[in-house]
Amino acid sequence: MLIMEKKNIDWANLGFGYVKTDKRFVSNYKNGAWDEGALISDPNVVISECAGVLQYAQTCFEGMKAYTTEDGHIVIFRPDLNGQRMEDSCRRLEMPVFPKERFVEAVCETVAANEAYVPPYGSGATLYVRPYMFGSDAVIGVSPSSEYQFRVFTTPVGPYFKGGVKPLTIRISDYDRAAPHGTGHIKAGLNYAMSLYPIMEAHRQGFDENLYLDAATRTKVEETGGANFLFVTKDNKVVTPKSGSILPSITRRSLVSVAQDYLGLEVEEREVYLDELKDFAECGLCGTAAVISPVGKINDHGKEICFPSGMDKMGPVTQKLYDTLTGIQMGRIEAPEGWIRIIK
Ligand code: PLP
Ligand code: COI
C-alpha cells in the first residue's frame with residue numbers, strides 16, 4: 001500500500017470544529033437532472049441572494065465518519081444508511097433525491113481525496129464527513145427551488161463534547177425540538193436552527209445539552225439536539241426511546257444490534273417516560289458526533305436525577321457498548337456483514 005503523508009495536525013487536541021481540507025464533491029441539479037459531479041478545490045459556495053436555502057431554509061444534511069483501522073485501512077461506517085436517510089430527508093423537503101448509490105460513491109471519493117486528513121489510528125480523532133444539499137436558485141413565493149447543489153466536505157474532528165468522555169450534565173428543555181407530524185425524523189437544517197437558542201441557554205446555565213420531551217404531552221423522552229438516548233436498567237436491559245419525531249440514529253440502530261448480538265443484552269425500543277428516568281442505572285447519548293457520551297446527571301427544573309454510574313466515568317454497560325462499537329469501527333472487532341466500507 002502506498003503510504004500517503006499525513007498533514008501536520010495536532011490530532012490528539014482537535015475539537016469538533018471545521019478545518020478546511022483539500023477537496024470537496026459538488027453536483028448540480030438543473031432542468032430536472034443531476035450532473036455527473038466533480039471534486040473541486042474551492043471551498044466557497046456562490047448562489048443567488050434569493051436562493052431557497054437562504055430564504056426558506058430548504059436544506060438537509062448528513063454526518064458520518066471515516067476511520068483509520070488498526071491495520072491501516074481507511075473505512076467508513078454504514079454509509080448506505082446515511083444515503084437512505086438523506087433520500088428520506090429530500091422527499092420530505094420537496095428536494096430532488098440524490099440516489100443513495102451515488103451518495104456513497106461521492107462520500108468515498110471525497111474521503112479518498114482527503115486521505116492526508118484522515119487521523120491516524122489511535123489518535124482519538126476521526127474524519128467527519130458532511131454531505132448536504134440545498135436549494136440554490138431564486139424563490140420568492142413559498143415554493144421549492146428548481147435548482148440544487150449536493151456537496152460533500154470533510155473535516156478532521158476530535159470529541160463533540162468538551163472534556164471527551166467525562167459524563168455530561170443535561171437539562172430538561174422547556175422548548176420543543178420537533179412537532180408530532182413535523183420534521184424531527186429527518187435531518188433538516190431547520191431542526192438545528194430552532195435548537196440554537198435552547199442550546200445556548202443551556203450552556204449559559206452550565207448544562208452540556210438539552211433533553212427534549214415529546215411536544216404533544218411533554219411526558220416522554222425524545223432526544224437531545226444532536227443525539228439519541230440509550231438507557232440501561234438496573235437489571236442490565238438497554239432501553240431506547242421510540243418516537244416518530246426523533247432522528248433515526250444510525251449509531252443507535254447499530255448499538256441495538258451490538259447489544260443484542262455481541263453482548264447478549266435484552267433491548268427495548270419503546271416510549272420512555274420522564275417519570276422513569278430516576279430508575280435507570282446508566283444513560284448515554286449516541287450519534288456519529290457524540291459516539292456514546294455518558295450522561296451523569298439530568299436536571300429537571302432544579303431537581304437532579306443522578307445516575308448511579310456517577311460523574312467520573314461511563315457506566316459498565318455503556319462502556320462495553322462503546323468499546324464494541326468503536327472496536328468494530330476501528331477494525332479491532334469483526335463487523336457484521338456490510339457495516340464497513342473500505343475506501344483503501
Ligand atoms: N439525533 C440528532 C438530532 C442528530 O443530529 C444526530 C446526528 O446525526 C443523531 C441523533 C445521531 O444520528 P447518527 O447516529 O445517525 O449520527
Ligand atoms: C452527527 O452526529 O453527525 C450530527 O450531525 C450531529 C450534529 C449535532 C453535529
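Helices (H or I, at least four residues) and strands (E, at least two) are DSSP runs, numbered from the N terminus. Glu87, for instance, is found in helix H2. The model is predicted: local features need pLDDT of at least 70, side-chain atom pairs count only at pLDDT 80 or more, and totals for chains, interfaces and linings use all residues. Residues are numbered from 1 along each chain as its sequence is written, chains are lettered from A and ligands numbered from 1 in the order in which they are written, and side-chain values use heavy atoms, with hydrogens and water left out.

**Ligand 1**

- Ligand 1 is surrounded by 16 residues, and the closest are Tyr192, Glu223, Ser249, Thr251 and Thr288. A residue is near a molecule or strand if one of its heavy atoms lies within 4 Å of it.
- By class, five residues of this shell are nonpolar, seven polar and four charged. Ala, Val, Leu, Ile, Met, Phe, Trp, Tyr, Cys and Pro count as nonpolar, Asp, Glu, Lys and Arg as charged, and the others, Gly among them, as polar.
- A polar contact is a pair of N or O atoms within 3.5 Å; within protein, one must be able to donate a hydrogen and the other to accept it, and residues adjacent in sequence count only if both atoms are side-chain atoms.
- Tyr192 puts a polar side-chain atom 2.5 Å from an oxygen atom of ligand 1.
- Glu223 has a polar side-chain atom 2.6 Å from a nitrogen atom of ligand 1.
- Ala227 uses its backbone: an N or O atom there lies 3.5 Å from a nitrogen atom of ligand 1.
- On its own, ligand 1 has 380 Å² of accessible area, and the protein covers 96% of it. Accessible areas come from the Shrake-Rupley method with a 1.4 Å probe; for residues, only the protein chains shown count as cover.
- Helix H6 (250-262) and strand S14 (282-287) are the elements that give two or more residues to the shell around ligand 1.

**Ligand 2**

- The residues around ligand 2 are Phe16, Phe61, Gly63, Tyr128, Arg130, Tyr160, Lys187, Gly226, Thr288 and Ala289.
- This shell has five nonpolar, three polar and two charged residues.
- The side chain of Tyr128 places an N or O atom 2.6 Å from an oxygen atom of ligand 2.
- A polar backbone atom of Ala289 is 2.8 Å from an oxygen atom of ligand 2.
- Ligand 2 exposes 280 Å² when taken alone, and the protein buries 90% of that.

**Aromatic pairs and a charge over a ring**

- The whole structure holds 18 aromatic pairs. Rings of Phe, Tyr and Trp (its six-membered ring) pair if their centres lie within 6.5 Å; planes under 30 degrees apart count as stacked, over 60 as edge-to-face and the rest as tilted.
- Phe16 and Tyr160 are edge-to-face, because their ring centres are 4.9 Å apart and their planes stand at 85°.
- Phe16 lies in the segment before strand S1 (24-30) and Tyr160 in the loop between strand S8 (148-157) and strand S9 (168-172), so this pair ties together parts 144 residues apart in sequence.
- Phe16 is partly exposed, with a relative accessible area of 29%. Tyr160 is partly exposed too, at 38%. Buried means under 20% relative accessible area, exposed over 50%, partly exposed in between (1.4 Å probe, protein chains only).
- Phe25 and Phe98 also pair edge-to-face, at 6.5 Å centre to centre and 65° between the planes.
- Phe25 lies in strand S1 and Phe98 in the loop between helix H2 (79-92) and helix H3 (100-113), so the pair ties together parts 73 residues apart in sequence.
- Phe25 and Phe98 are both buried.
- Ring pairs link Phe25, Tyr29, Trp34, Phe98, Phe103, Tyr148 and Phe150 into a cluster.
- The charged end of Arg204 sits over the ring of Tyr197, 5.8 Å from its centre. The test is NZ of Lys or CZ of Arg within 6 Å of the ring centre and within 35 degrees of the ring normal.

- Most residues other than glycine have a negative phi.
- Asn31 is not a glycine, yet its phi is positive, about 50°. Asn31 lies in the loop between S1 and strand S2 (33-34), and counts as exposed at 77% relative accessibility.
- Ala57 has a positive phi near 55°. Ala57 sits in the loop between helix H1 (52-56) and strand S4 (59-61).
- Glu87 counts as buried at 8% relative accessibility. The C-alpha atoms of Glu87 and Phe103 are 9.5 Å apart.
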